[in-house]
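Hi,

Here is the structure I promised to pass on.

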Amino acid sequence: MSPSSLLYFFVVLLLLLLASTHTYALNFTIRGIAGQLYRGHAFGQGVDALFNSTSGQMVVDNRNGDIFVADTFNYYIKMVNTDGVVSANTSIGSGLPGSVDGAASSAQFLAPTGLTLDNGRNILYIGDATTIRLYSLTTSSVYHTYSTGSQYVFHLAIDCSTSTLYATTTSGTCNLFSLDVTTLPTSYNCIYNAGQLSGITTGRYSNKTILYVSSPVYHSIYMIDITN
């Protein structure tokens, strides 16, 4: 066996070991629940389910523990339940590229990456190329598409206390902007335009609401006090 083949064998073996269930001294368990080493598209349970790209965001529905996953290059938002089942009946999208609103099974996406969930309003916000799509958990439909112009939406976060949606972008003239989601948005408020941003989340401490963002260009984390 050549050195390169031997290295490949050990890398694959290591990944398989990491994908299995492990219990550590801190009393938590890590286990793979869906997907495997190979890219593809398939609904199923555990390793029978396939994803093309899971580099986008995931979000948990706190009502039942289900996970929404942006499977970007399969043009789906796939839902994974706590048993690792990925079903066509509970996923969002037709699997065809496009920008079409409608029922979960017929809606089309171009490149979904950003996800955030407002449980109080039962709305899943989806960053999809240069749009933000609104999905109703109540009616199981994508019912509104908001165009961001030249801003390529990457990740999303929501401050439910103020009903404000925040988005980072990887291109365009604004790299961090906000939307008021109490109405269907028609314009956005630019917060930062000095370089592309990627990761984003909100948090609270000392009665302050903080927005955290990361920059893949400057290799830095920023915090923004957005307390009203």
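This is a predicted model: local features need pLDDT of at least 70, side-chain atom pairs count only at pLDDT 80 or more; totals for chains, interfaces and linings use all residues.

Cores first. The largest nonpolar core has 16 residues, and those touching the most other members are Phe-68, Ile-77, Ile-92, Leu-115, Leu-124, Ile-126 and Tyr-135. At least two residues of this core come from each of strand 5 (67–71), strand 6 (76–80), strand 9 and strand 10 (123–128). As background, nonpolar side chains in soluble globular proteins tend to be buried together.

Next, the second largest pocket, at about 210 Å³. Its lining counts 15 residues, and Val-59, Thr-116, Leu-117, Ala-157 and Ile-158 sit closest to the centre. Strand 4 (58–60), strand 9 (112–118), strand 13 and strand 17 (200–205) each give two or more residues to that lining. What is the lining like by class? Nine residues are nonpolar, six are polar and none is charged.

Now Gln-151, which is in the loop between strand 12 (141–147) and strand 13 (153–159). Is Gln-151 buried or exposed? Its relative accessible area is 2%, so Gln-151 is buried, the cut-off being under 20%. A polar atom of its side chain lies 3.1 Å from the backbone nitrogen of Thr-173, and the backbone nitrogen of Cys-174 lies 2.9 Å from a polar side-chain atom of Gln-151. Setting aside neighbours within four places in sequence, Gln-151 also has contacts that include Ala-129, Thr-130, Phe-177 and Tyr-188.

Last, Ser-178, in strand 15 (residues 176–180). Ser-178 has a relative accessibility of 11%, so this residue counts as buried too. Ten residues along the chain from Ser-178 is Tyr-188, and their C-alpha atoms are 5.7 Å apart. Tyr-188 is also one of the contacts of Ser-178 beyond four places in sequence, and the others are Thr-164, Leu-165, Tyr-166, Asn-189 and Ile-191.

Cheers

How values were computed: Residues are numbered from 1 along each chain as its sequence is written. Side-chain values use heavy atoms; hydrogens and water are left out. Helices (H or I, at least four residues) and strands (E, at least two) are DSSP runs, numbered from the N terminus. Buried means under 20% relative accessible area, exposed over 50%, partly exposed in between (1.4 Å probe, protein chains only). A polar contact is a pair of N or O atoms within 3.5 Å; within protein, one must be able to donate a hydrogen and the other to accept it, and residues adjacent in sequence count only if both atoms are side-chain atoms. Contact means heavy atoms within 4.5 Å. On a 1 Å grid over the protein atoms alone, a cavity is a set of points where a 1.4 Å probe fits but cannot get out, and a pocket is an open set with protein on both sides within 12 Å along at least five of seven lines; lining residues have an atom within 4 Å of a point. Grid points are joined across faces, edges and corners, and a volume is the space filled by probe spheres set on the points. Ala, Val, Leu, Ile, Met, Phe, Trp, Tyr, Cys and Pro count as nonpolar, Asp, Glu, Lys and Arg as charged, and the others, Gly among them, as polar. A nonpolar core is a set of buried Ala, Val, Leu, Ile, Met, Phe, Trp, Tyr and Cys residues joined through side-chain atoms within 4.5 Å.
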